[in-house]
Each structure stands twice: as structure tokens, then as C-alpha cells.
Amino acid sequence: MNYELVTGDYHPVVETKLTGGQRIDMLYAEEDHIARWHAAEWTRDLEGLDGVDEMKAGMFPVSVKSMSLPDGKLAGLPYYAGHNAFIYNEEHLQKAGLAVPDSWDSLLDACRKLKKDGISDAPYNSAWGQKWPELSWSIFSCWYAEGAPVFNDAGDFVDDAALRKVLETHQALYKEQLVAADIMTLPNEGVPSYATGRHHLHGPARLRPEDRQRSQILEGGGQGEERPDAGQGQVDLRLDRGLHDGRTGRSTSTAPGTCCASSAAKSKDGQYHVIKRWALEFGLGSAYKEVMADPEIVASFSQWRDTEITKKQLENATSRNIAKQIWFPEWDLFMMQRVQEYIRGSMPTDQIVDELSRKVAELKQQYQ
């Protein structure tokens, strides 16, 4: 077997190879490229293969949905599963005499006080870059948490108050300098920057055990919590505490997978050897309920995250159904580029909403 590691912007690189006729037996794919690559006949679904129904029954429902095509057929197997979550520094709250923010307005007020009191020069931090695991996932998580559908069942963009509230809060955070000036270019989804202790809030983000190793806050005893009203309880600043408040408490669930993969499933002896090793060595969560309930994995994960909270958040999470439209990756990149400009103050809310809606119509027409 020949293994090729793709560096840089993975999906465009792979799509170029596939378009050029390169034959690939197994490849990595995100939820927003599964249907696109299947429609181009570069990949096949897994329905009808031995054990597929059993594997689907053993997954969290949201993970099955993330890895399925619009017609419900399973397109690949997840090699890990996770969710985005808000985290905050409890020590900062105590110094400022603040309660945990439970709305966008209270979040803004808390950030203003933290900056005014000199506790943090950039209280809010997030993944605002243009790469696919950054602004796309973070803002969709915020939209879903606030109750914005973003798209309806017909695949049309939905302009509503919840969607605008999230956009306007992002713009206010930047305008009032409550975020770092270079927030849109921070590496690794902004997590290493948060781990320095400079920021109060980080959200929403995927956190991994290696981020714990980067954290100077841990050495200083700072703590974070997850909000119970977001389907979550308390944790210290290990990892994976989340606020996902808003009006629904929902987050996005991510289940990147491999198309036609054996490493993402049980071995013939009935064990998840590869997935378990990845969980223990790298802290990768799993889409399989049996794996997440494995005593050895629970003990390992409990050293740096609250496994019950993770389970509850996965149960409360939602997948992005719209990502299965073959035009979505192009809209998603356009969205990130234009929303960054909007956040910088280059246009009013009416304009960005109109642009995002018109881009959907344009791409739908293009792909008819």
C-alpha cells in the first residue's frame, strides 16, 4: 500500500488529483465533501457491505448523519468524532466578580469589564481563520446554539434574528477590540493562544489533549467550566468545557471519516484496535458508543475532560445537513471570506446577509 500525506489545503489538493484521474483506494473526507465526491463518482457508498448495519447501530446518531449521503446511504466510516464547545477561565470571572455569561449580550458585557479592569487585553478568542475547521465550524456552532437554522429544508439561506445576532456580536467584539488584532490568522484554531492565559473566553472550538500540554493556565491553577443549561456540567481547565448557551445549547458535531476504510471499524476479532489506540494515544473521540464507554478509554479521557459532558453534548449536537449539497464547499469558503470582511466593519449586516443568500442562489443555478 502506498500512503500519501497531503499537506496544506487538503480538500482542494485531493479534488485536483481526483479530477486529474488519480485513482485512490481510500481517502479522508469531511462532511462537506462526502456527497460532492460521491456525485462525481470518485467514491462509493458502503450500503450492502457486510457489517454496515451493525456499525451504524453502534454509532451516535449524529455521527451516522454526518457520514451519510442525502439519500441516507452511509458514505464512509468515522475515524473520530467530536463537538465544538465554549470554554472560559473561571479565575478571570472571580477577579472581575462576574457570573458566567449566558447570552451574547452578557458575553459582550463581561468582555468589556474584563478589558476595562485590565484582567485581559483580548478577553474573547475563537477560530476566525478561513480554513475549513475554523470560522466555518465556529460560526455555525454559534448560529445553531442561538437557534438559527441557517438553511431550510429546501437548501435556501434563512435570514432571521438569531443569525443576525451572532453576526453582529462577532462584529462588535472586533470593533471594540475585545479580540486580538491577529485573531483571523492565529494558528491551530486559536487554541494555543487561549492556552497562554491571555484570553477569558474561547469559543467554539475543538480541544484536544495536546492543547492541555500547551496550557500555562493549568500551571497557574486557572479553571474553566461548562454550562449545565447547555446540556453540560462543570469541569476544571482540563479540556472540553463548553458554554454553548444561546437559546438552544446546540453545537455542531464533527465526524471526519475515511471512504472505504477498514481502520475506522472493528477488526475480525470484534475489537476497535486502531480507534482505541488513537483514543488512548492522541485523545481522539469516537463515533462508536462502545468505544466511548470502554473503561480504559473513560479512565484516560477522564484525566483531561469530563466524559459525561462530552456524551451529553454529542447527544445534543447537530450535523450540518446543508454540507451535503455539492455546492456547499464553495459557498462555505465565500462565506468565511465575506464574513471576515464584515467583522472588520466593511459592510452592514443587511449587505452580508444579502450576499450570502445571493451566493446560494448563484451556486444552485451553476450546479443544476
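1. Buried means under 20% relative accessible area, exposed means over 50%, and partly exposed lies in between (1.4 Å probe, protein chains only). Cysteine 142 is buried on this scale, because its relative accessible area is 0%. Cysteine 111 also counts as buried, at 0% relative accessibility. The structure holds 0 disulfides, a disulfide being a pair of cysteine sulfur atoms within 2.5 Å. In general, a disulfide is a covalent bond between the sulfur atoms of two cysteines.

2. A note on the basis. This is a predicted model, in which local features need pLDDT of at least 70, side-chain atom pairs count only at pLDDT 80 or more, and totals for chains, interfaces and linings use all residues. Residues are numbered from 1 along each chain as its sequence is written, and side-chain values use heavy atoms, with hydrogens and water left out.

3. Now the overall picture. The protein chain has 17 helices and 8 strands. These are DSSP runs numbered from the N terminus: helices are H or I with at least four residues, strands are E with at least two. Of the 368 residues, 55% count as buried. Among contacts with a separation of 6 or more, 67% come from residues 24 or more positions apart; contact means heavy atoms within 4.5 Å. The chain exposes about 16200 Å², and carbon and sulfur atoms supply 47% of that area. Accessible areas come from the Shrake-Rupley method with a 1.4 Å probe; for residues, only the protein chains shown count as cover.

4. Where does phenylalanine 140 sit? Phenylalanine 140 is in helix 7, residues 132-146. Its relative accessible area is 0%, so phenylalanine 140 is buried. Valine 166 lies 26 residues away along the chain, and the two C-alpha atoms are separated by 9.6 Å.

5. Which residues of helix 16 are buried? They are Phe328, Pro329, Trp331, Asp332, Phe334, Met335, Met336, Val339, Gln340, Tyr342 and Ile343. Their cover includes helix 2 (31-39), helix 7, helix 8 and helix 17.

6. The length of helix 16 checks out. The expected span is 1.5 Å times one less than the number of residues. For the 16 residues of helix 16 (residues 328-343) that gives 22 Å, and the end C-alpha atoms are 22 Å apart, which agrees. Just after helix 16, glycine 345 takes a positive phi of about 95 degrees.

7. How many salt bridges does the structure hold? There are 21. A salt bridge is a side-chain nitrogen of Lys or Arg within 4 Å of a carboxyl oxygen of Asp or Glu. Lysine 113 pairs with aspartate 117, the closest N and O atoms being 2.6 Å apart. Lysine 113 is partly exposed at 32%, and aspartate 117 is partly exposed at 40%.

8. Arginine 164 and aspartate 350 meet in a salt bridge at 2.7 Å, N to O. Arginine 164 lies in helix 8 (residues 161-175) and aspartate 350 in helix 17 (residues 349-366), so the pair ties together parts that are 186 residues apart in sequence. Aspartate 350 counts as exposed, at 52% relative accessibility.

9. Glutamate 341 forms a salt bridge with arginine 344, with the closest N and O atoms 2.7 Å apart. Glutamate 341 is partly exposed at 29%; arginine 344 is partly exposed at 39%. Elsewhere, salt bridges that share partners join Glu15, Arg36 and Glu330 into one network.
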